[in-house]
There are 2 protein chains.
Amino acid sequence: MTTSPATETETKRLAIPTYDDVCAAHERIAPWTHRTPVLTSQTFNDMTGADLHFKCENFQKAGAFKARGATNAVFSLSDKAAEHGVATHSSGNHALSLSRAAQCRGIPCQVVMPHTAPKAKMEAVRGYGGEITPCEPSLSDRERTLDGVIEQSGAHFVHPYNDPRVIAGQGTCSKEFMDQVGGLDAVIAPIGGGGMISGSALTCSTIAPNTRVYAAEPAQADDAYRSFHAGRIIPDDAPDTIADGLRVSLKPYTWHFVSHYVTDVLRVSEGEIVDAMRLVWKRMKIVIEPSSAVAVAAVLKNPGLFAGQRVGVILTGGNVDLDNLPWMHDNR
Amino acid sequence: MTTSPATETETKRLAIPTYDDVCAAHERIAPWTHRTPVLTSQTFNDMTGADLHFKCENFQKAGAFKARGATNAVFSLSDKAAEHGVATHSSGNHALSLSRAAQCRGIPCQVVMPHTAPKAKMEAVRGYGGEITPCEPSLSDRERTLDGVIEQSGAHFVHPYNDPRVIAGQGTCSKEFMDQVGGLDAVIAPIGGGGMISGSALTCSTIAPNTRVYAAEPAQADDAYRSFHAGRIIPDDAPDTIADGLRVSLKPYTWHFVSHYVTDVLRVSEGEIVDAMRLVWKRMKIVIEPSSAVAVAAVLKNPGLFAGQRVGVILTGGNVDLDNLPWMHDNR
């Protein structure tokens, strides 16, 4: 497994966040976010032979880890920069996390959302006072629509993941995790745009350099896998997967961390995602969304990588449409 | 609100468990059960004006608080008494908790279950090695069928709630709860046969005598409400409610605690149960079964009783059939 990390020239152009930024973020977001609990499960330990620890970001404010990065970005802004509010495009969790963070700070939030996004997430954005502009479900149309929104409103753009403040915010999750459960041999999280993986890599490479970082990805949206093996970003404009949080592609900031620090990208099928999600609901009695289940599915699929080890699994969110559960349809 | 407690003569015939029995039970079951976490929810606090604390017995072994009482009963038995295994009748959670406890001890378990019990619970009983004998969904047929099973096998009967060992076991839940969250003004739990309410009353009346104990009951299975107000047990043979764990009636041991220590019995409709269940899944991201939602619904329905107070809500279990969720049908 060889990959070419981002070149030095590319990296120098970016303001790569450091672990100090993670620590500053942790202090900044503490009043507005949860220190989420870590759960264990005998069932999953028995199935994998591993000692699994589940970091429950589904219990995070706004129902997903995205609250960390969004809150850090919003509360990092000067009063002047925050004047016209914030704006973003997002398939859901970043949208509602940014809306909530803006509401906490008392500034407006504009969100460009694909019209195919889960109804529950749209309602939640509006519940936090966010204003939605719909777009087509492709990255290109999202970005085009957002440009118009920003031009009109003068809002400050907070990218869902290609932003050092967001990555530093997501890094607070693994900081807590390492504090709660020391000595992990590996950490695994799902990868979409790569914000959580980047934050995890940033934190682990600094305070737990022996902990391997795995990214788990839907095979039907495997741009990170293909990029990882090609040694450069290969974007995917409109992949189709039930893991609605993972339909986006790597960008320079997250590619920096993926190319430098990730041990491997593990792919899973749609059926494996649904089975893992259902099994977590059934046995752990917690609600996780399909994106979270991607990491669980990858551990179940690769016991050889994890058996006999202490493994941290980041359950990234729990925002699902309860009227539209995947095992009610035939998604296989 | 006046009630006549069980007469002294009645009480004297019963071996009423004491708080010492709860402490002994706690030590006995510790290796086989979880100390379950307590969660809070800003959403539910905002909705009720109360400071709510949720004791998550849905995370308990076998998915319900019943693991406490069943494990205490099974591990209280002498080797001689345990020789031919244990037997019971149950709508589900006691059945699988007793099967699991018997499996932990290495003895057989026979279970009489209504053929209408959720499929998921039947599968779980078999998964723990329990042997199921089906019966009609009425208390009278359960008891009749069980008599035959015991006669044939010589198994030791562990009643799902009318048993001092079971009540002492359930009392360990509130013991932990008071330790985790001190100074509760009230505790509320669902009531079916009354095992959890009896255990809670036993513990609270000893170590937290100022904590009021409320029982929450489906209006469609309100034998406890009617008994409470009549001052005597009024059984209900085959009530119909979505809260499948609460279709049974009080018996002398649980009537003792209900009549002496319960502040009030609060009734909720089927629609209120489903709404509360769905809201817990959606906002707290945890899987609870309809019986658990009865207590949540009662708090939501009676803000006047709880606003401004510290309230403990016991979420009794999380065993649901994911293919058959109540909001998929019209149960209202």
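A crossing is left-handed if the near helix is turned anticlockwise from the far one by less than a right angle, and right-handed if clockwise. The crossing of α6(B) and α7(B) is left-handed in this sense. The model is predicted: local features need pLDDT of at least 70, side-chain atom pairs count only at pLDDT 80 or more, and totals for chains, interfaces and linings use all residues. Residues are numbered from 1 along each chain as its sequence is written, while chains are lettered from A and ligands numbered from 1 in the order in which they are written.

**Two copies**

- Chain B superposes on chain A by a rotation of 180° with 0.0 Å of shift along its axis, at an RMSD of 0.0 Å.
- Ile286(B) has the C-alpha nearest the axis in chain B, 2.1 Å from it.
- Chain B gives 14 residues to the contact, and chain A gives 14 residues. Two residues are in contact if their C-beta atoms, placed from the backbone, lie within 7 Å.
- On the side of chain B that touches chain A, 7 residues are nonpolar, 3 polar and 4 charged. Ala, Val, Leu, Ile, Met, Phe, Trp, Tyr, Cys and Pro count as nonpolar, Asp, Glu, Lys and Arg as charged, and the others, Gly among them, as polar.
- The copies meet through the same surface, because 100% of the interface residues of chain B are also interface residues in chain A.

**Domains of chain A**

- Domain 1 of chain A covers 8–64 + 163–328, and domain 2 covers 66–157. These bounds come from an automatic or database domain assignment.
- The centres of the two domains of chain A, taken over C-alpha atoms, are 22 Å apart.
- In chain A, 30 residues of domain 1 are in contact with 28 residues of domain 2.
- On the domain 1 side of that contact, α2 (19–29) and α9 (164–180) of chain A each supply at least two residues. Helices (H or I, at least four residues) are DSSP runs, as are strands (E, at least two), numbered from the N terminus.
- The largest share of this side, 8 residues, comes from α9(A).
- By class, this side of domain 1 of chain A has 12 nonpolar, 10 polar and 8 charged residues.

**Helix α6 with α7, chain B**

- The axes of α6(B) (residues 93–105) and α7(B) (residues 119–127) come within 8 Å and cross at roughly 15°. Axes are lines fitted to C-alpha atoms, for helices over the stretch in contact, with angles from 0 to 180 degrees between N-to-C directions.
- α6(B) and α7(B) are therefore roughly parallel. Angles under 35 degrees count as roughly parallel, over 145 as roughly antiparallel, 65 to 115 as roughly perpendicular and the rest as oblique.
- Ala95(B), Leu96(B) and Ser99(B) of α6(B) meet Lys121(B), Ala124(B) and Val125(B) of α7(B).
- The residues of this contact divide into 4 nonpolar, 1 polar and 1 charged.

**Helix α10 with α12, chain B**

- α10(B) (residues 195–207) and α12(B) (residues 252–261) pack at about 50°, with axes 9 Å apart.
- α10(B) and α12(B) are therefore oblique to each other, and their crossing is left-handed.
- Residues in the contact include Ile197(B) and Leu202(B) of α10(B), and Phe257(B) and Val258(B) of α12(B).
- This contact has 7 nonpolar, 4 polar and no charged residues.

**Helix α2 with α4, chain B**

- The axes of α2(B) (residues 19–29) and α4(B) (residues 66–76) come within 9 Å and cross at roughly 85°.
- That makes α2(B) roughly perpendicular to α4(B).
- Ala25(B), Arg28(B) and Ile29(B) of α2(B) meet residues of α4(B), including Arg68(B) and Phe75(B).
- The contact of α2(B) with α4(B) holds 3 nonpolar, 3 polar and 2 charged residues.

Conventions. Least-squares fit on C-alpha atoms with pLDDT ≥ 70 in both.
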